[in-house]
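The following exercises ask the reader to work through a structure step by step. Each task is followed by its solution.

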Amino acid sequence: MMASGAAWESAALARLDGQSGVVVLKRCVDVDDLLATATSGQADVAVVGLESPGLDPAAVAHLRRYAVRPVAVVSRTDDPDVLSRAQRVDVRALVAFDDPEGLVEAVTTIEDAEDTRVRAEPDAGPGAPVVPDADAGADRRLVVVWGPGGAPGRTTTAVTVASELARRGRDTVLVDGDPYGGGVAQQLGILDEVSGILSAARLAGSAHLAERFDSTCRGVGDHLRVVTGLPRADRWIEVRGPAMEQVLGSALERGDVVVDTGFSLEDEPGQDFGSRPSRNTMTLAALDLADEVVVVGAADPVGLSRLARGLVELRDRTGGAPVRVVVNRMRPTLGWSEREIAGMVEGFTRVLGLHFLPEDRAAVDRALVAGRALGEVGESALLRGIAGVVDATFPASVTVQGAGRRASRGRWRRAPRGRRD
Ligand SMILES: Nc1ncnc2c1ncn2[C@@H]1O[C@H](COP(=O)(O)OP(=O)(O)OP(=O)(O)O)[C@@H](O)[C@H]1O
Ligand SMILES: [Mg+2]
């Protein structure tokens, strides 16, 4: 029971305590106390004040994950404001505070329809992982998609890689870590005023991220979770390096991780911000944790010279995560052969592999207009190319699909061994 000091608490407590079949386990002082009690796995019902500070949809979802059914005590059950708040936080059982018999009835008969709830293991303490993970895999990878300025297709690549991975049955978390404002939500048609990365950063600040990470994700299909990005570029200041590290750590608890990042690797703090973190903390923190970096460059002359500079910058800046290069928007009118481009790229840095993705405006537009991932709007040359990137970057995803699948779709070249800068 958690009433945050509301006047109805003593009467409700007295009425419930004497009721046969009901044990009042605990009077919780606040929502955090309530959530910790739910995690212990002993409670069946939470009687809450609907106005209690911190009682938000994520908190209610946490209760349900532990099979604790929420009953809210409210001033009136027919007040539209009350009903809309109850709907917002997703509490369906409401009882008026002057109706103690109704409360007893609600507590003893409430049955939530959800069947996805997971009963806590008896010995799981507060902070234990909420969702038991059947395939907790040692083969999970954190892959960061980076690329220089000029919109070479980082977000398109990250979104398509993540959704293809999920389509192959791998649990996948796509994190929009672009400090210049995220584009992942738009590409996936996620219309939501809540920014996943900002809620995750706030939870990281209050040490509840590990247990409530799922509440910061939007589910897309069966295997993809998306942490949406900054709603406006100027909110970057709210996501600090350690918070980003925690977000990625929590993401890895759930599955393979794909991170979309910004273009800049500069780590000077902005003049106005004194000792505050650099503008590019999100990008740099992700690169520091990457198992592999996929660098996306555009195939035109401007794009390729930016790619060349970017590869050198990346080599100097990062601690040596292996780099795979994707040259995007290849088209015959540019007059470069793949061989020429390969020679240029390999002259700048050692790469794990080099992939060429075709210009494919029709497929990209189909996906953008539908607000869906490329893989959900039909076959395309671009999708086949990106599937090849997934084969190479997440080899475990190839075996998930089973025998008969070719090891690599799409064209890609492995860099000649021993050749480097
Ligand atoms: N292979 C392709 N063929 C045609 N259009 C493409 C291709 N790849 C990306 N695009 C288009 O190019 C534009 C930029 O792509 P995207 O948003 O993925 O780039 P970005 O590098 O993430 O850019 P930003 O710097 O804005 O984050 C989008 O309109 C996208 O649809
Ligand atoms: Mg982008």
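**Exercise 1.** Which residues of the largest nonpolar core touch the most other members?

*Solution.* The model is predicted: local features need pLDDT of at least 70, side-chain atom pairs count only at pLDDT 80 or more, and totals for chains, interfaces and linings use all residues. Residues are numbered from 1 along each chain as its sequence is written, chains are lettered from A and ligands numbered from 1 in the order in which they are written, and side-chain values use heavy atoms, with hydrogens and water left out.

Step 1. A nonpolar core is a set of buried Ala, Val, Leu, Ile, Met, Phe, Trp, Tyr and Cys residues joined through side-chain atoms within 4.5 Å; buried means under 20% relative accessible area, exposed over 50%, and partly exposed in between (1.4 Å probe, protein chains only).

Step 2. The largest core has 51 residues, of which Val175, Ile197, Met244, Val325 and Val327 touch the most other members. Helix α8 (residues 196-205) gives this core its largest share, six residues. Helices (H or I, at least four residues) and strands (E, at least two) are DSSP runs, numbered from the N terminus.

Step 3. A second, separate core has 32 residues, including Val159 and Ile386.

**Exercise 2.** Describe the contacts of Val327, leaving out residues up to four places away in sequence.

*Solution.* Contact means heavy atoms within 4.5 Å. On this basis Val327 touches Gly297, Ala299, Leu304, Leu307, Ile341, Leu354, His355, Phe356 and Leu357.

**Exercise 3.** Determine which elements and atoms surround ligand 1.

*Solution.* Step 1. The shell holds 17 residues, the closest being Arg154, Thr155, Thr156, Asn328 and Val364; a residue belongs if one of its heavy atoms lies within 4 Å.

Step 1. At least two shell residues come from each of α6 (154-167), β10 (323-330) and α14 (361-370).

Step 2. A nitrogen atom of the ligand is 2.9 Å from an N or O atom in the side chain of Asn328. One of its oxygen atoms is 3.3 Å from a polar backbone atom of Pro152. Taken alone, ligand 1 exposes 630 Å², and the protein buries 80% of that (Shrake-Rupley method, 1.4 Å probe).

**Exercise 4.** Is Gln187 buried or exposed?

*Solution.* Step 1. Gln187 lies in helix α7 (residues 184-187).

Step 1. Gln187 counts as buried because its relative accessibility is 17%.

Step 2. Beyond residues up to four places away in sequence, Gln187 touches Thr155, Thr156, Val159, Leu368, Gly371 and Arg372.

Definitions and conventions:
A polar contact is a pair of N or O atoms within 3.5 Å; within protein, one must be able to donate a hydrogen and the other to accept it, and residues adjacent in sequence count only if both atoms are side-chain atoms.
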